[in-house]
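Here is a short report for a reader meeting this protein for the first time. Please look over the sequence and the model before reading on.

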Amino acid sequence: IHSVLVALLPQKAEIKYNPEYIIPSQIAHLINELGFRAEVLELVERGMDIIDLNIEGMTCASCVSKIQKSMLKIPGINTADVALLTNSGRFKYDASIIGPRDIIHELDNLGFRASVSNEDSKTSGLARSHRRETNRWRNSFLLAAIFGLPAMIIMIVFMTKYKDHSTAPQVVMGLSVENLIMFCLSTPVQWISGRYFYIQAYKALKHRSTNMDVLIVMATTTAYVYSFIVVVINMVQGIPSPITFFDVPPMLMMFVALGRWLEHIAKGKTSEALTKLLSLQPPRGTLIKRDEATGNILEEQSVLAQLIQRDDLLKVLPGETIPTDGRVIDGTSTCDESLITGESMPVEKTVGSQVVGGTKNLNGLLIMKATHVGQETALKQIIKLVEEAQTSKAPIQQLADKIAGYFVPVVVCVSLLTLTVWIIVGVTRFTYIEKFSMFYQSLVRVSALGLATPTAVMVGTGVGATNGILIKGGEPLEAAQKIRTIVFDKTGTITQGKPTVVDIRIFTKNEHWTLKRMLAIAGTAESGSEHPLGLAVRNHCKDYFGTDQLGRCQDFKAIWGYGLRAQVSNIEFLMKQKNSDPYKLGTPSTPRTPTVNSGDMSANIPETYSVLIGNREWMAKNNVTFDEQVDKTMGKHEHDGHTAVLIAVDDKIIGMIAIADKVKQTAALTVFALQSMGLNVLMVTGDNVKTARAIAAQVGIKNVYAEVLPTQKERFIAKLKEASIKGDKVAMVGDGINDSPALARADVGIAVGTGADVAVEAANIVLIRDDLVDVLGAILLSKKTVRRIRLNFMFATVYNLIGIPIAAGVLLPAGVSLMPWMASAAMALSSVSVVMSSLLLRYYKKPNIQDYNTNQYALWSMAKAKDIQVHRGIESFEYTPNGSLISSLKGSRLAQILSGAVSAVKHRASYIDKQRTALLLNGSTLANDYNEEEMELNQVTIL
């Protein structure tokens with residue numbers, strides 16, 4: 001066995017072993033020998049699914065052999081395990097080759113009727129095991145309480161009525177009434193309620209180890225046996241009944257059992273997030289067959305969700321749960337994805353939209369095609385990530401585990417030392433000395449130390465999952481709060497990741513050459529293009545006209561890097577469609593005023609148009625000229641990082657379309673919030689310097705590295721880590737395949753969930769929603785969780801640090817001592833307080849990004865485009881860590897406010913100076929130019 005990783009709360013262990021020497025069943029047997037019930041959980045290989053089936057008709061071993069041999073011959077089936085006794089079978093198969101319905105069909109062909117097993121999943125089995133443990137400690141507590149509460153009352157009564165125990169009423173000489181009653185109350189608790197403690201303590205000692213059960217058994221057995229012996233000796237000698245400790249077992253057992261019962265209840269609540277995700281798994285789906293010609297539904301049947309296969313057509317009615325991941329091929333609706341992505345608003349779904357299994361279809365009929373099934377679905381992957389996160393341990397937990405391993409032996413040794421010291425001091429009454437040593441043992445609570453981290457990690461990761469933030473374990477959860485430098489990729493992370501139309505200008509306008517006609521021609525011409533910019537133009541035109549059908553495109557020819565040439569016809573039907581806003585861009589933007597040139601183009605528009613769409617060079621190659629106004633308009637967009645393409649019809653420039661990858665709506669606010677926390681925010685991109693500078697100006701990132709290759713991104717992160725102060729962490733936020741090396745290299749890799757699967761696999765934290773605010777949310781959740789862990793450590797240690805010296809008799813000269821029931825109550829309270837403290841994390845709420853939209857943000861926004869440093873490549877990389885006082889002040893909230901205020905004053909003064917200059921010159925040219933510059937800047941900010 002190479003390594004063992006045990007998680008307390010999920011009650012799972014990950015064991016790496018050499019299969020040449022040991023098998024999983026033997027490992028489970030060894031764990032059982034240690035006194036812990038264990039069973040092997042099968043792991044699913046990548047790309048493989050497992051299905052459990054009930055098989056009818058098997059009568060003997062030959063049936064089993066026949067099924068296994070026949071099924072293994074079928075392509076796609078990896079293993080087949082059939083059990084005659086339980087009439088069941090487990091099949092591991094490749095979901096890309098064969099599906100569960102195919103397996104059932106093959107079994108039917110062999111003459112054995114099969115159906116999907118209705119047995120609970122392993123998670124449900126673990127839940128049943130947890131309930132069994134909870135009930136066991138509940139019953140143990142109730143039994144101990146039945147005898148423990150009367151024992152406590154009787155002890156108090158006799159203590160208050162008989163100050164001197166020798167004067168208490170005696171049944172016989174040497175046996176008082178109090179001792180007889182306490183013996184009768186203590187014995188059932190010691191041997192019946194305490195049997196769980198004895199069993200676990202025996203198994204621990206058998207393997208030369210110690211745990212909490214050993215301490216409890218030592219304390220209660222010492223008290224019970226000692227009390228029984230001294231009473232018998234006094235009865236034989238005929239002397240008055242002695243002071244005994246029969247009250248220790250019932251009260252100690254009662255408080256310990258109560259603590260463990262409450263502990264198990266609380267631990268069950270920490271996994272509520274995972275339970276919610278499991279409850280989202282849809283039970284069934286409606287499978288349909290359609291007429292390919294008409295689209296009419298020919299047949300439909302209800303099937304179990306486990307039987308859905310790739311490319312199946314499914315019908316989802318309003319109010320139903322979507323059975324698996326897929327793509328809408330017919331219908332429109334809205335879906336509630338709040339429990340998966342954290343997005344509270346319903347999400348619109350149309351033809352081509354992706355739908356997620358487990359989300360709810362709200363108000364429309366959808367026909368969908370299954371694209372991911374079984375273990376491949378988003379919900380299954382989320383559940384897997386959450387389970388792995390809750391099983392893993394944070395680095396701080398490793399220290400706690402190490403301390404806990406030495407804690408019990410040390411306590412026993414110190415307890416014996418306490419007894420020895422008191423004997424040396426010369427206390428004459430042995431029972432008095434033994435009392436304090438025994439109390440000391442009963443006080444120690446090491447399990448609270450073991451619960452301090454995993455309970456907080458489990459609740460923290462669960463809360464993150466419900467808010468659309470998947471944290472892969474305790475290590476990234478702990479590391480995120482130490483982030484001092486955060487690096488953003490540009491495309492798909494800061495920006496939306498796909499080009500969209502941001503501006504449209506028409507340079508020739510008359511009765512016929514309208515914006516509508518130009519868009520109809522441009523969209524039709526681009527219908528043959530697969531270039532991202534062409535797709536952006538085509539999609540915008542389809543949205544503009546509200547139809548997927550455009551005109552006819554012929555003789556299409558595209559030259560990469562220049563543009564396209566095509567013949568366009570049959571667009572007149574588009575001219576008849578009404579549009580409320582002739583300058584609509586499909587998304588909110590600044591008002592567009594078309595520039596009008598008096599062209600000499602004939603009003604007699606031909607039915608077929610010769611169209612050129614492309615850059616300046618493409619127009620020059622085709623001898624198409626344009627004036628300075630057109631060139632100036634293109635230049636402004638190119639300065640802002642946009643791509644401007646010209647549209648020429650019959651060798652005359654008609655208009656221009658500007659295309660850009662828009663910045664995400666909350667990107668600038670998120671950068672402001674991160675900088676306000678003192679973080680150093682950088683951007684690294686493979687894009688050109690001009691575009692990188694334009695995007696950085698919109699979001700306020702001051703340090704930018706452009707034209708960086710994917711391999712260089714990984715080196716860049718490595719250099720940042722080397723230059724950082726020890727303990728400071730570097731984070732990388734990305735979404736694409738080219739970001740995956742950098743995500744893996746960073747201390748904390750954060751992947752946008754809508755990105756590539758490789759990036760998601762390489763990252764430590766996955767943002768399900770395409771919203772940068774969740775980066776801020778993940779860091780704040782990490783800070784809150786680590787603070788809670790530290791508070792838990794305080795709860796776990798304060799009882800021992802304060803109580804152990806008192807129990808050892810340090811304050812005995814001052815008349816302060818600790819009774820056994822007090823010690824056991826403190827012991828139970830320590831664990832309960834730790835778990836309850838962790839549960840408070842459930843009330844964590846993600847930050848509302850609009851809370852950062854303050855006056856300070858307004859001042860910051862006015863200066864965000866200033867002092868931007870853009871580096872070409874990473875060769876000029878120089879990084880000064882935020883270690884000094886000055887550098888730390890640079891990133892502080894105070895520095896942000898002061899910098900923003902100074903920039904705002906400069907900006908205002910410059911504006912006033914320009915206005916005065918314009919008035920003195922008695923002309924409006926300069927003022928108009930400045931206003932136009934302001935309009936363009938605002939436009940960039942909005943986009």
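## Overview

Buried means under 20% relative accessible area, exposed means over 50%, and partly exposed lies in between (1.4 Å probe, protein chains only). By that rule, 48% of the 943 residues of the protein count as buried. This is a predicted model: local features need pLDDT of at least 70, side-chain atom pairs count only at pLDDT 80 or more, and totals for chains, interfaces and linings use all residues. Residues are numbered from 1 along each chain as its sequence is written, and side-chain values use heavy atoms, with hydrogens and water left out.

The protein has 32 helices and 31 strands. Helices (H or I, at least four residues) and strands (E, at least two) are DSSP runs, numbered from the N terminus. A contact means heavy atoms within 4.5 Å. Of the contacts with a separation of 6 or more, 73% join residues 24 or more positions apart. The accessible surface comes to about 45,200 Å². Carbon and sulfur atoms supply 56% of that surface. Accessible areas come from the Shrake-Rupley method with a 1.4 Å probe; for residues, only the protein chains shown count as cover.

Strands of a sheet pair through backbone hydrogen bonds, either parallel or antiparallel. Here two strands pair if DSSP finds at least two bridges between them.

Strand β19 (residues 483-489) runs parallel to strand β28 (residues 729-734), and five bridges join the two. Thr485 stands opposite Val730 of β28.

## Strands around β17

Strand β17 (residues 366-372) pairs antiparallel with β11 (residues 313-316) over four bridges. In this pairing, Leu313 stands opposite Lys369. Strand β12 (residues 325-330) also runs antiparallel to β17, joined by five bridges. There, Gly326 has Ala370 as its bridge partner.

## Covered and uncovered places

Which residues of helix α22 are buried? Ten of the ten residues of α22 (residues 667-676) are. They are Ala667, Ala668, Leu669, Thr670, Val671, Phe672, Ala673, Leu674, Gln675 and Ser676. Just after α22, Gly678 takes a positive phi of about 90°.

Ile22 lies in the loop between β2 (12-16) and α1 (24-33). Ile22 is buried, at 14% relative accessible area. Leaving aside residues up to four places away in sequence, Ile22 touches Ile1, Tyr17, Ile27 and Leu30. Ile22 and Ile1 are 21 residues apart in sequence, with 8.1 Å from C-alpha to C-alpha.

A nonpolar surface patch consists of Val225, Phe228, Ile229, Val232, Ile233 and Val236, with about 500 Å² of accessible area together. Patches are made of residues with over 30% relative accessible area and no salt bridge: like charges are joined within 9 Å, nonpolar side chains (Val, Leu, Ile, Met, Phe, Trp, Tyr) within 5 Å. Phe228 sits in helix α7 (residues 212-237). Phe228 is partly exposed, with a relative accessible area of 41%.

## Salt bridges

Side chains of opposite charge can pair when their charged atoms come close. A salt bridge is a side-chain nitrogen of Lys or Arg within 4 Å of a carboxyl oxygen of Asp or Glu. The whole structure holds 16 salt bridges. One of them joins Asp312 and Arg101 (2.8 Å, N to O). This pair links distant parts of the chain, 211 residues apart: Asp312 is in the loop between β10 (297-304) and β11, Arg101 in helix α3 (residues 100-109). Asp312 is buried at 9% relative accessibility, while Arg101 is partly exposed at 24%.

Asp489 and Lys713 form another salt bridge, with the closest N and O atoms 3.0 Å apart. Asp489 is in strand β19 and Lys713 in helix α24 (residues 710-723), so the pair ties together parts 224 residues apart in sequence. Asp489 is buried at 4% relative accessibility, and Lys713 is buried at 1%. Salt bridges that share partners also join Arg769, Asp771, Asp774 and Lys846 into one network.
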